[in-house]
Structure formats: C-alpha cells, structure tokens
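Visitor: Could you walk me through this one? I would like to take it piece by piece.

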Amino acid sequence: MPNPAGAEGPHIREFEPLKPYTTFKMGGPARFFIEAGSADELCQGLGLARKRALPHFVLGGGSNVLISDRGFDGVVLHPIFRGVSLPSVNTPETHLNVLAGEIWDDVVKFTAERGLWGIENLSHIPGQAGAALVQNIGAYGQQVGDVLESTSVLEIATGTQQVLSPADCEFGYRRSIFNTTARGQYIILGIRLKLSRTPRRVLDYPDVRAYFDERGIKDPPLTKIRQAIISIRDRKFPFPREEKGGNAGSFFKNLTISEREYEALHEKVSRNFSPRVLERLTEIRNRFPAASQIKIPAAFLIDICGLKGYRIGAAQVNESQPLVLVNRGGGTAADVLALALHVRRTVWARTGAALAIEPELVGFSEQELKAIHNFKEN
Ligand SMILES: Cc1cc2nc3c(=O)[nH]c(=O)nc-3n(C[C@H](O)[C@H](O)[C@H](O)COP(=O)(O)OP(=O)(O)OC[C@H]3O[C@@H](n4cnc5c(N)ncnc54)[C@H](O)[C@@H]3O)c2cc1C
C-alpha cells in the first residue's frame, strides 16, 4: 500500500503480528507498525495515528508488556535508533549518551568492558535503554534512576524535544512519571548516564555476597560482578527463550507497606496459615527493624497461598520464582490474564494483600481490564 505517512515517511507495516516482538511470545497484530529510526519518524507515526483517529503505543523490546490476543488497533511505534557515545575526557565521572533503541544489556556490557561503574548489577535485564527509565529498572541494589544525568524526550502533545532531569522523572520503586503521572505524554529519545571510574561495588544482596564468599573473592572487578549477576540471574530467573515459550519477568510488584498495614497482614496470616508461615513473615519483617516502610516479597505471598506451579491453559506460575508468570508454549494472553486474576484474588482473599501488576496491559477491552482491576470483588 502507499505509505500512509507520506512518500518520505518511515516504513509502515499493516497488521504486523506483535508476538515476535515480545518476550512473552504472545499478542495479536498491530493495525500499523512503524520502525522509527529518528524522532522525526516518531512524529510522522504520531501524525498517522492522529489522522486516522487511532491510539498509539511505544513498543521497545517488549519485555514488560502483555499484548492482547486481538492485538492493538492503533499505531505501534518501535524505536530503532541506536548508539552509545562516550566523551573521551578521562574524568573520574563519565557521562555516557545512549539512544533509546539501544539494547540495555549491550549498554551494561559496554560499560563493564570500559571500567565504568554504576549499572553492572543491572546486567541481563532485557529491553531497550529508553524503556529502562519507564519503570526505573532495578536489581541487586542498583536502579537506573540513580545514575541518570538527564533524558531527552519528545513531548507528544507539542512534538517538541525537551530535556528532563532525574528530579523531573520522579523515580521510585518500579515507577517514574513515564508510567504514572505523565504516562503517554512523552517518548524517551535518549538517556545520559553519570558513571564512575572509581569502583562503587554494590554487593549487599545475599545472593551476590554468597557468590563471592563461596569463591573467596573480596573486591571483585567490574567484569566479574557482571558475570556473577548473569550467573545468579540465569540460575533463578527463566530468561525468555524462543523454544520454551516466554515470560515478562516479574508479573507482580513487591509490596512496600507501612507498619500499620504490616499489622493487618500479620493478623490475617496468623488466622489463615500455620505458625511456621507466620514465623517466616516475622523474619521478613525483622529485616527492616527501623524502617517506616516494610518490603514484603510478593513471591512469598504467592508461595504461601500454594500457587507455585498453578496453571491455566499454557500460562503457569513459575515454580522456582512465583513472581514470574510463564508461557509454557503456545499460550494466549487470555490465559495469562485469567491466571493473574486468580493469583490476585487468592492472595487478596487469604492475606489481604493487593498485588500490583508490573507489565503494561496493551490492547485489552475495558471489560477485560475492569475484571483484572476489580480483583477484590468476587
Ligand atoms: C526475564 C526478564 C527479567 C527482567 N528483570 C527485570 C529486573 O530485574 N528489573 C526490572 O526492573 N525489570 C526487569 N524486567 C522487566 C523489563 O525487562 C524492563 O521493564 C525493561 O526496561 C522493559 O524494556 P522494553 O524495551 O522491553 O520495554 P517494553 O516492554 O517494550 O515497554 C514497557 C513500557 O515502556 C514504554 N516504552 C518503551 N519504550 C519507550 C520509550 N522510548 N519512550 C517512552 N515509553 C517507552 C512502553 O510503552 C511500555 O509502557 C525483566 C523482564 C524479563 C522478561
């Protein structure tokens, strides 16, 4: 067909299956699919959406989305502009410019190989560099927001480019303005990271400490830390691979609760579970003796509810890491949604804890979204 964005516009595909673009390996077609090689091409894609009165959606590496089996009746914009540049000045702190479509893990590898500290614990997280800001990716004690110097964005309403500071982004646990207050308002074009040439080891996480203790390594070099993280993650986390179906990493967020909320949880767990389970909950609470906010692993709650391995169709709660919902192969997004609803309902009924969903749900009907969001009603 003639290019709907104009003769000079980006290449546009129609009814493009989205399944191959997601790590869940699920999802129907996009009405229009645009691989945008520049901010200008993003604008042209947005123009097409406006002209056709269709919604748009920015799809990075597809590792934090669940796309409906019917697909997305709108314009999918897939950034493909890549590049990492490092100013040659050798100061202790080094600024790294990365374009949004760059593969995040390639950026981590690049920095580890050049002795730049700050994101090594974020090794092997799938997805693109731009999307890393959206939920402020974090792992093993590091978060991308902690090393962000600035980000350049395209403001969708005006088509203008702006530079935002970390304060503007309002980072928190798995959150930023991009997935909360300013959701859908910006497209991230590039990020500028402030890294360090001086070692800044973050080895406090038990798995990381155990890895180096077992090997008798006291001050591991940067590349060894990256290697350790990859090895720990590969052991624990089902990295999505084509032949084995897929997943989108953690499907549920961990809970951060107040002392008062903890008391309510404690009370409900003491009523519905064994003394051993209550002991485990108390051990978790005691990890934060002085904290006003207590972090409760969602995996613990799913586990005590007996949901490990629970399956609907080809969608299953992962046995070793129950935060992850897995597509065992040939699964549908409807299966995953039904499974997520079952998990949320069960955990709510038995512990009173409301699990929040991490991936973005794309292309689902109002009714489907209402069902998943109203999990407290039976
Ligand atoms: C095996 C596995 C392990 C994971 N481990 C972790 C982990 O340890 N820690 C963690 O935090 N996350 C983890 N994740 C989640 C995921 O990898 C991250 O959230 C990642 O940053 C998503 O990037 P993406 O490019 O795949 O984004 P997508 O899934 O394509 O998109 C996610 C969201 O970002 C938006 N978006 C994408 N690009 C842009 C852009 N340029 N501008 C504006 N919005 C954009 C999308 O519209 C969507 O709302 C894991 C996922 C998997 C599958």
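**A walk through the model**

Guide: Strand 3 and strand 5 (residues 72–79) run parallel and are joined by three bridges, where strands, like helices, are DSSP runs numbered from the N terminus (E, at least two residues, for strands; H or I, at least four, for helices). This is a predicted model, in which local features need pLDDT of at least 70, side-chain atom pairs count only at pLDDT 80 or more, and totals for chains, interfaces and linings use all residues. Residues are numbered from 1 along each chain as its sequence is written.

Visitor: Which residue in strand 5 is the bridge partner of His56?

Guide: That is Val75.

Visitor: And what order do the strands of that sheet take?

Guide: The open sheet has four strands in the order 1-2-5-3 with mixed pairing, two strands being paired if DSSP finds at least two bridges between them. Strand 1 (12–17) and strand 3 are the edge strands, each pairing on one side only, and neighbouring strands are turned by 35° against each other on average, direction ignored.

Visitor: Switching to the ligand, how many residues surround it?

Guide: There are 34, and the closest are Gly60, Gly61, Gly127, Gly130 and Gly249, with a residue counted when its C-beta atom, placed from the backbone, lies within 6 Å. Among the elements that give two or more residues to this shell are strand 3 (56–58), helix 3 (129–132) and strand 13 (246–250).

Visitor: What classes make up the shell?

Guide: It has 20 nonpolar, 13 polar and one charged residues, where Ala, Val, Leu, Ile, Met, Phe, Trp, Tyr, Cys and Pro count as nonpolar, Asp, Glu, Lys and Arg as charged, and the others, Gly among them, as polar.

Visitor: Last one: what is Leu301 in contact with?

Guide: Leaving aside neighbours within four places in sequence, Leu301 is in contact with Ile296, Val347, Thr351 and Ala353, contact meaning C-beta atoms, placed from the backbone, within 7 Å.

Note on methods:
Two residues are in contact if their C-beta atoms, placed from the backbone, lie within 7 Å. Axes are lines fitted to C-alpha atoms, for helices over the stretch in contact, and angles run from 0 to 180 degrees between N-to-C directions.
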